[in-house]
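Please keep the chain letters in view while reading.

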There are 4 protein chains.
Amino acid sequence: MRKQKVTISVIGSHDAVGKKARKAYQVGALIAELGAVLVCGGLGGVMEQAAKGAQEHGGLTIGILPGKDKKDANPYIDLALPTSIGYARNCFVASCADIVVALEGSYGTNCEICYGLVFKRPVIDLGGWGIKGMIKVRNMAQLRQKIQCLMNNL
Amino acid sequence: MRKQKVTISVIGSHDAVGKKARKAYQVGALIAELGAVLVCGGLGGVMEQAAKGAQEHGGLTIGILPGKDKKDANPYIDLALPTSIGYARNCFVASCADIVVALEGSYGTNCEICYGLVFKRPVIDLGGWGIKGMIKVRNMAQLRQKIQCLMNNL
Amino acid sequence: MRKQKVTISVIGSHDAVGKKARKAYQVGALIAELGAVLVCGGLGGVMEQAAKGAQEHGGLTIGILPGKDKKDANPYIDLALPTSIGYARNCFVASCADIVVALEGSYGTNCEICYGLVFKRPVIDLGGWGIKGMIKVRNMAQLRQKIQCLMNNL
Amino acid sequence: MRKQKVTISVIGSHDAVGKKARKAYQVGALIAELGAVLVCGGLGGVMEQAAKGAQEHGGLTIGILPGKDKKDANPYIDLALPTSIGYARNCFVASCADIVVALEGSYGTNCEICYGLVFKRPVIDLGGWGIKGMIKVRNMAQLRQKIQCLMNNL
């Protein structure tokens, strides 16, 4: 028997471009470098860029899809997992993670942040959310440090 | 065949007391007076007070319970509906409503607000949330007016 | 505070016609006559006929819809409750019932029967299912007797 | 970007011992040998033996847990994914699979078979279920052949 893999969910807007897209890519890359599995909602924007970053740095990527069809996944998902339950899958994106990293986003991301906090997952704030209970980090260096620290204590 | 009943979900903290409890009771009473069905999460705090207010004013009350047992419901629920899906039932509390009224609350309430907005339900802000997309009302008179207006347009 | 209402879920094929449709209508009528609330999946076939039977005999009808839109409900649903979770709502059709009545159906109905048995609801077999754990009844008279007996022991 | 991994869900009783346990182990081993990812409900019995078989033959194992805690997983799960939604996770065990393999089981397994058929997944019958729409195989050799054939056509 092997040790369970650490899962880190990256959540954020489905239409990230430019600077936001690059940040998502970097977060995915970092997760892969730290040896964790990247989990996301499997679709576009932050989800796609984070998965790309993780996959291009040797990490495994999981997409928790709202629909029934693996074809809905973005091209950087190794393990497409269609849930069939629509937006209720937001609950699952949070519950299945050891750590949640939140970038800029909208209602869906806010919802996932809340589920993370309800399930007492550490939820890292990299998107200026400012919601009570989140762990604020300012940059990628702080994010790396915080994730390493959290992984050591799992 | 009859016209479908209007459903209004009241969401808020599970430990409301004092002024917050009275406000929840008044919201429930208003919903009953306007002829709508009160929906809530079926447990304590805002959920219980709103159900009490509705039931004591002749309204029908529905509790969307997280667990498997009808006994989990507060005493003012006419129709206890155990979902068995835990906190994922928050999604359902929003999706099954024509209108959502949000009082003060915590992560669960925030989550339900987000689902309401995702599902494009009108979400009335009676709890100082200030989330973009919500409909701000200041007092019970404004709430009554707003709900009547929304019910006329269903 | 009032006593909770008894909920009885009627499950079966979404395309019942002829004799099967009439049976579903009779089951709905019986549930209304016994003072219970009819719950169903809210769509066509057995769901529609059972709701029609209940509504035309003065009963309240609830439709647990798979989608997000109340308009999906058949015309005999008083309380349309869109769950947004697709076929996973089958789980909820079973969990929210005090008693489940199964008519002829296909995979979805079979799924709901299993959930009923998992949640230890009494599941009445009026569709020739023959699944272990179900309560076999032969006709409407036996069904009436069995439901009355179960309702007395809730 | 890489090709998506094939996911095969193995479903069956949570208390398999003896011959049934060995069969589950062999199915897990076969899935690993064929290069697919093993998915299961993450708990004991068939789920544990199949995961053990897959892990000991170099495969990746995923456990779709009903609860909120990764510690609920059996010791042979690489990726524990707590869903928090209880038995409704049965729906997800089916929807996230390219292929479903059903061994002997009870209501939960029957439920997952039905979901597999609803979602039009190929559901292989290795447990004497005899449900219409399932693909009957008699032994491990036939199972191997059938899975290979299905994998070639994904």
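Chain D and chain A meet in a contact (heavy atoms within 4.5 Å) that takes 31 residues from each of the two chains. This is a predicted model, in which local features need pLDDT of at least 70, side-chain atom pairs count only at pLDDT 80 or more, and totals for chains, interfaces and linings use all residues. Residues are numbered from 1 along each chain as its sequence is written, chains are lettered from A and ligands numbered from 1 in the order in which they are written, and side-chain values use heavy atoms, leaving out hydrogens and water.

Together the two chains bury about 2900 Å², of which 56% lies on carbon and sulfur atoms; buried area is the accessible area (1.4 Å probe) lost when two parts are put together, summed over both. Of the area that chain D buries against chain A, 22% is supplied by D:Arg2, D:Gln4 and D:Lys70, more than by any other three residues.

Four salt bridges cross this interface, each defined as a side-chain nitrogen of Lys or Arg within 4 Å of a carboxyl oxygen of Asp or Glu. D:Arg2 forms a salt bridge with A:Asp78, their closest N and O atoms lying 2.6 Å apart.

Chain A also contains an open sheet of seven strands, ordered β4-β3-β2-β1-β5-β6-β7 with parallel pairing. Strands are DSSP runs (E, at least two residues), numbered from the N terminus, and two of them pair if DSSP finds at least two bridges between them. Because β4 (79–82) and β7 (135–136) of chain A stand at the edges with a single partner strand each, one side of each lacks a neighbour in the sheet.

Conventions:
Helix = DSSP H or I, 4+ residues; strand = E, 2+ residues; numbered from the N terminus.
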